[in-house]
Amino acid sequence: MVSKIRESASTRNGLFSHYSYMKTAVIILNYNGVKLMEEYLQSVTANTLDADIIVADNGSTDGSVEWLNEHYPTVKVLAFDKNYGFAEGYNKAVREIEAEYIVLLNSDVNTPEGWLQPLVETLDKNKDCVACQPKIIADKKRTHFEHAGAAGGFMDCYGYPFCRGRMIDKVEEDHGQYDTDMEIFWATGACMMIRREAYLSAGGLDARFFAHQEEIDLCWRLKARGHSIRYVSGSTVYHLGGGSLGYESPRKVYLNFRNNALMLYKNLPTSEYWHIAPLRFLLDYIAGFQMLLQGKKEHFNAVIKARKDFRKSKKEFMADRKKNLSLTVTKKINGRLNLWIIWQVYINKKRKFSELDTRKNTM
């Protein structure tokens, strides 16, 4: 039986070595997000039962740690010396915390009563399942899914991620149409429960990504190595979205384009990669020039820089690619759909996941 973590001032310095843990730990990564915590942390502390709640602070300079000490003295704090980014920030926290199940939870997520238990039960009952996510609803428009995760993540044949409930930038209204548990390709980093052992054995999030698509990269590794990832319809959380970088941020455009190219290089089998990579090179530049025609010069520059930086860094990821391919045991991965999502949305005018022909299923 896992006993409760003991509280001490040493937790404020990130020293957890003397403590025992509950079965589940909810980790909230924070960087200068005191305003978000003022709005959202109360829902987590009030509605999260039988789990430790830990804020991993990425070297905030806005008084976040001091505010936590004053307003939430029972919440454990890992205070890092600088901003390690989303990926490495979580890696450092997960290495410190010895719970069996870990929840990566964004600081702008409202968690209602009963949100956690269905996720725990899913991992308890499905030993092959290493990670899962709840339904993600927009906090400020609760009739609709939220962009980052919706009702579970998928990937098309050219490496574009999308979701049940969110097709590219088209977000669906929630009518219960996706209230069925199912296998997915990736679980969102906005709220992902994962077995700590699986997280660490797969290498965790790739810190070189810094932020964006690092959770998809991790899920790809796990799926390729024979594990299952699931969507749990019985759990719902409400996500603000864009809390760190707005959806229109050039920095976000850069990270998404660069990291997607790196993810494909790291994970695609050789025969597929040399077929897909040239087309993605062309499509990325087309997307960039489209942004330029829309007057978004900074976004265009972000795409060009992303492609250049990808080419420069490919050698750094060569060993990762070899390792990932050598550990792959599943060639046809459930959740990689044999369709091109951009064609489906902009040419075939499909606006809902339910309108897609997913019978072709896996790649």
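What is the handedness of the crossing of α7 and α9? The crossing of these two helices is right-handed, where right-handed means that the near helix is turned clockwise from the far one by less than a right angle, and left-handed that it is turned anticlockwise. The structure is a predicted model, in which local features need pLDDT of at least 70 and side-chain atom pairs count only at pLDDT 80 or more, whereas totals for chains, interfaces and linings use all residues. Residues are numbered from 1 along each chain as its sequence is written, and side-chain values use heavy atoms, with hydrogens and water left out.

Helix α7 covers residues 250–267 and helix α9 residues 297–313. Helices (H or I, at least four residues) and strands (E, at least two) are DSSP runs, numbered from the N terminus. The axes of α7 and α9 come within 8 Å and cross at roughly 30°; axes are lines fitted to C-alpha atoms, for helices over the stretch in contact, and angles run from 0 to 180 degrees between N-to-C directions. The two helices are therefore roughly parallel to each other, since angles under 35 degrees count as roughly parallel, over 145 as roughly antiparallel, 65 to 115 as roughly perpendicular and the rest as oblique.

Helix α8 spans residues 270–293 and contains I286. G288 and L279 are also placed in helix α8. G288 is buried, with a relative accessible area of 0%; buried means under 20% relative accessible area, exposed over 50%, and partly exposed in between (1.4 Å probe, protein chains only). The C-alpha atoms of G288 and V253 are separated by 9.8 Å, although the two residues are 35 residues apart along the chain. L279 is partly exposed at 27%, and its C-alpha lies 8.3 Å from that of Y158, a residue 121 positions away in sequence. I286 is likewise partly exposed, with 48% relative accessibility. Together with F281 and L282, I286 makes a nonpolar surface patch of about 280 Å². Patches are made of residues with over 30% relative accessible area and no salt bridge, like charges being joined within 9 Å and nonpolar side chains (Val, Leu, Ile, Met, Phe, Trp, Tyr) within 5 Å. Accessible areas come from the Shrake-Rupley method with a 1.4 Å probe, and for residues only the protein chains shown count as cover.

Side chains of opposite charge can pair when their charged atoms come close. A salt bridge is taken as a side-chain nitrogen of Lys or Arg within 4 Å of a carboxyl oxygen of Asp or Glu, and by this rule the count comes to 19 salt bridges. One of them joins K135 and D179, with the closest N and O atoms 2.7 Å apart. K135 lies in strand β6 (residues 129–138) and D179 in the loop between β10 (170–171) and β11 (182–183), so the pair ties together parts that are 44 residues apart in sequence. K135 is buried, at 6% relative accessible area, whereas D179 is partly exposed at 37%.

R142 pairs with D139 in a salt bridge whose closest N and O atoms are 2.6 Å apart. Here R142 is partly exposed, at 43%, and D139 is buried, at 10%. In the salt bridge of K223 with E183, the closest N and O atoms are 2.3 Å apart. K223 belongs to helix α6 (residues 214–224) and E183 to strand β11, so this pair ties together parts that are 40 residues apart in sequence. K223 is buried, with a relative accessible area of 3%, and E183 is buried at 16%. Salt bridges that share partners also join D206, R208, D217, R221, K266, E316 and D320 into one network.

Phi of H212 is near 85°, a positive value in a residue other than glycine. H212 is placed in the loop between α5 (196–201) and α6 and counts as buried at 17% relative accessibility. Phi of K349, also a residue other than glycine, is positive and near 60°. K349 is in the segment after α11 (341–346) and is exposed, with a relative accessible area of 52%.

K23 lies in the segment before β1 (24–30) and is partly exposed at 29% relative accessibility.
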